[in-house]
Structure formats: C-alpha cells, structure tokens
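Please keep the sequence and the structure in view while reading.

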Amino acid sequence: MTCLSLSTEDRSRLLSAALEAVKRAYAPYSQFKVGAAVLTKKGNLFAGCNVENASYGLTICAERVAIGSAVAAEGEEMEIHAIAVVNQQKVPCSPCGACRQVIFEFGVDALVIFQGRESFTEMPAAELLPDGFRL
Ligand code: THU
C-alpha cells in the first residue's frame, strides 16, 4: 500500500471531470446518468460515462469506461491514484461489484470517491472490495 493522499486541487479536478462526463452519459433505459474520472499515478486524468445498450447486459459503467480510456492511453503500466464517481441525481451511489474488481486490478490502494448518503465518501479500493480476486 502506498499513499492515499489527494490534494484539494486534484480532488476538485477529479470531481469536475466526472461532473462534465455525466453530461455525456448514454442512459436511455435507466435514465440514471453516471460520470467517472480517474487520476492516474502518472498524474493524468481520464473521464468516462455509462454507456447503456438495448441488450441491457451489455451496458458499461462509467468507472470502467474511464479506466479503459486510461489503459488505452497509458498502457499496461497504468495505475489508479484516485477515481471519482458522480451521478446526475446526486443520490448515494457506490461503484458496483464488477467495477470494484476492475478498480482493484489497477489500484489496490486507489482512493475511491463516491456520492454517499450526505456528501462524498472516500475509501481505499481494498476496503471497498476486501479480498479482491487476483491471479
Ligand atoms: N452505473 C454506473 O455507471 N456506475 C455505477 O457505479 C453504478 C451503476 C450505471 C449502469 C447503468 O447504466 C445505470 O447506472 C443503472 O444501473
């Protein structure tokens, strides 16, 4: 485990990127628009939004879209420093189980920021997914 600290400036960059991305969400089936942003350990920022499909199970969550963009840009060395998730309704929404596993893959010590009951909640990926799967 390394440092989980995030500067106030990075936290606000991350949240702004996620809030911009939520505007681009494609969620005609659930109407639940989600935005995410990843700050990599290299210091780059990548955003994502949920992309739904008429074949519902093919839907991709915002977190995995953002992580996919980060890997596409930085390659297999990509590591997540922090990831933020927001939704347009501003209701509590923590990453789903599949996204927790994908976050874990690229950042056991990543800081995960999501809408909690009253305000944004922050916790390390390994706490969100205890005993995450590894090969
Ligand atoms: N969704 C996300 O994008 N991220 C989450 O953390 C939770 C759920 C999306 C998937 C689907 O498009 C919609 O929210 C409703 O489940």
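The sections below treat strands, salt bridges, a surface patch and backbone angles in turn.

## Basis of the report

This is a predicted model, in which local features need pLDDT of at least 70 and side-chain atom pairs count only at pLDDT 80 or more, while totals for chains, interfaces and linings use all residues. Residues are numbered from 1 along each chain as its sequence is written, and side-chain values use heavy atoms, with hydrogens and water left out.

Helices (H or I, at least four residues) and strands (E, at least two) are DSSP runs, numbered from the N terminus. Strand S3 covers residues 80–87, and eight of its eight residues are buried. Here, buried means under 20% relative accessible area, exposed means over 50%, and partly exposed lies in between (1.4 Å probe, protein chains only).

Two strands pair if DSSP finds at least two bridges between them. Strand S1 (residues 34–40) runs antiparallel to S3, and seven bridges join the two. Within this pairing, isoleucine 83 in S3 is the bridge partner of valine 38. Strand S4 (residues 111–115) runs parallel to S3 and is joined to it by four bridges. There, alanine 82 has leucine 111 in S4 as its bridge partner.

How are S3, helix H3 and S4 arranged as a unit? Together with helix H3 (residues 97–106), the strands S3 and S4 make a right-handed β-α-β unit. A crossover is right-handed if, with the strands pointing away from the viewer, the path from the first strand over the helix to the second runs clockwise.

## Salt bridges

A salt bridge is a side-chain nitrogen of Lys or Arg within 4 Å of a carboxyl oxygen of Asp or Glu. How many salt bridges does a search of the whole structure find? The search finds five. The table lists some of them.

| Pair | Closest N and O atoms |
|---|---|
| Aspartate 10 and arginine 13 | 2.8 Å |
| Arginine 11 and glutamate 122 | 2.5 Å |

Aspartate 10 and arginine 13 both belong to helix H1 (residues 8–22), where they are three residues apart, about one turn of the helix. Arginine 13 counts as partly exposed because its relative accessibility is 33%.

Arginine 11 forms its salt bridge with glutamate 122. This pair links distant parts of the chain, since arginine 11 lies in helix H1 and glutamate 122 in strand S5 (residues 120–124), 111 residues apart. Arginine 11 has a relative accessibility of 23% and therefore counts as partly exposed. Glutamate 122 is likewise partly exposed, at 34%.

Glutamate 20 is partly exposed, with a relative accessible area of 40%, whereas lysine 23 is exposed, with 54%.

## A nonpolar patch and an aromatic pair

Patches are made of residues with over 30% relative accessible area and no salt bridge; like charges are joined within 9 Å, and nonpolar side chains (Val, Leu, Ile, Met, Phe, Trp, Tyr) within 5 Å. Accessible areas come from the Shrake-Rupley method with a 1.4 Å probe; for residues, only the protein chains shown count as cover. Tyr26, Tyr29, Val51, Tyr56 and Ile60 form a nonpolar patch on the surface, with about 500 Å² of accessible area together. Isoleucine 60 sits in the loop between strand S2 (45–49) and helix H2 (62–74), and is partly exposed at 36% relative accessible area.

Rings of Phe, Tyr and Trp (its six-membered ring) pair if their centres lie within 6.5 Å; planes under 30 degrees apart count as stacked, over 60 as edge-to-face and the rest as tilted. By this rule there is one aromatic pair. The ring centres of tyrosine 29 and tyrosine 56 are 5.5 Å apart and the planes stand at 40°, so the pair is tilted. Tyrosine 29 lies in the loop between H1 and S1, and tyrosine 56 in the loop between S2 and H2, 27 residues apart. Tyrosine 29 is partly exposed at 38%, while tyrosine 56 is exposed at 59%.

## Positive phi angles

Most residues other than glycine have a negative phi. Lysine 90, although not a glycine, has a positive phi of about 60°. Lysine 90 lies in the loop between S3 and H3 and is exposed, with a relative accessible area of 59%. Aspartate 131, also not a glycine, has a positive phi of about 55°. Aspartate 131 is placed in the segment after helix H4 (125–128) and counts as exposed because its relative accessibility is 81%.
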